[in-house]
Amino acid sequence: AMKATVKGRGGTELGPCWELLRKDPRYSRRKPDIVIVFTDGGVPRQYKRDLRTMKTLVWCIIDNPGFNLEYKDANTKCIHIKSNDVR
C-alpha cells in the first residue's frame with residue numbers, strides 16, 4: 001500500500017495553468033481530454049471550464065467539505081477527498 005502526504009501552503013493560483021493550456025502549441029493541436037486540479041479549495045477565484053482548452057475539468061478538493069463549484073456544467077465535476085482516507 002502506498003501512503004500519500006498532502007501538504008499545503010495556501011493560495012492556489014490557477015491562472016498560469018489556464019494560460020499554458022491556451023498558449024502552448026502542444027495543447028493547441030489537441031486539447032486534453034481531462035484536466036484534474038488537486039487543491040484544498042483555497043483558490044482566489046474558481047475558473048470556468050474553457051471549452052477551447054479542455055474537454056473535462058475535475059476539481060479534487062482535499063479536506064474542504066464546504067467547497068462548492070461556482071461554475072457547473074455537464075463536464076465539470078467535483079470530488080471531495082479527506083486526506084486521512086488517502087492511503
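Is Lys23 buried or exposed? Lys23 is exposed, with a relative accessible area of 60%; here buried means under 20% relative accessible area, exposed means over 50%, and partly exposed lies in between (1.4 Å probe, protein chains only). The model is predicted, so local features need pLDDT of at least 70 and side-chain atom pairs count only at pLDDT 80 or more, while totals for chains, interfaces and linings use all residues. Residues are numbered from 1 along each chain as its sequence is written, and side-chain values use heavy atoms, with hydrogens and water left out.

**The overall picture**

- The protein's secondary structure comes to 2 helices and 3 strands; helices (H or I, at least four residues) and strands (E, at least two) are DSSP runs, numbered from the N terminus.
- Starting at the N terminus, the elements follow the pattern α-α-β-β-β.
- The protein has 87 residues, and 30% of them count as buried.
- The accessible surface comes to about 6400 Å², with 51% of it belonging to carbon and sulfur atoms; such areas come from the Shrake-Rupley method with a 1.4 Å probe, and for residues only the protein chains shown count as cover.
- Of the contacts between residues at least 6 apart in sequence, 32% join residues at least 24 apart; contact means heavy atoms within 4.5 Å.

**The sheet**

- The strands form an open sheet of 3 strands in the order E1-E2-E3, with parallel pairing; two strands pair if DSSP finds at least two bridges between them.
- E1 and E3 are the edge strands, as each pairs on one side only.
- From one strand to the next, the twist averages 15°; axes are lines fitted to C-alpha atoms, for helices over the stretch in contact, and angles run from 0 to 180 degrees between N-to-C directions.
- E1 and E2 pair in the parallel sense over 6 bridges, and Ile34 stands opposite Thr56 in E2.
- E2 and E3 also pair in the parallel sense over 6 bridges, and Val58 stands opposite Lys77 in E3.

**Two faces of strand E1**

- In a regular strand, side chains alternate between the two faces of the sheet.
- Val35 lies in E1 and counts as buried at 14% relative accessibility.
- Leaving aside neighbours within four places in sequence, Val35 is in contact with Leu21, Met54, Thr56, Leu57 and Val58.
- Val35 and Met54 are 19 residues apart along the chain, and their C-alpha atoms are separated by 6.7 Å.
- Phe38 is also found in E1, but this residue is exposed, with a relative accessible area of 55%.
- Ile34, Ile36 and Phe38 make a nonpolar surface patch of about 300 Å². Patches are made of residues with over 30% relative accessible area and no salt bridge: like charges are joined within 9 Å, and nonpolar side chains (Val, Leu, Ile, Met, Phe, Trp, Tyr) within 5 Å.

**Salt bridges**

- How many salt bridges does a search of the whole structure find? The search finds 6 salt bridges, a salt bridge being a side-chain nitrogen of Lys or Arg within 4 Å of a carboxyl oxygen of Asp or Glu.
- Lys23 and Glu19 meet through their side chains in one of them (3.4 Å, N to O). These two residues are separated by about one helical turn because they sit 4 residues apart in helix H1 (residues 15–23). Glu19 is partly exposed, at 36% relative accessibility.
- Asp33 and Lys55 form a salt bridge between their side chains (3.0 Å, N to O). This pair links distant parts of the chain, 22 residues apart: Asp33 is in the loop between helix H2 (25–29) and strand E1 (34–39), and Lys55 is in the loop between E1 and strand E2 (56–62).
- Asp33 is partly exposed at 39% relative accessible area, and Lys55 is partly exposed at 37%.
- Arg30, Asp33 and Lys55 are linked in a network of salt bridges.
- Arg49 and Asp73 meet in a salt bridge too (3.3 Å, N to O). They link distant parts of the chain, 24 residues apart, with Arg49 in the loop between E1 and E2 and Asp73 in the loop between E2 and strand E3 (76–81).
- Arg49 counts as buried at 10% relative accessibility, whereas Asp73 is partly exposed, with a relative accessible area of 29%.
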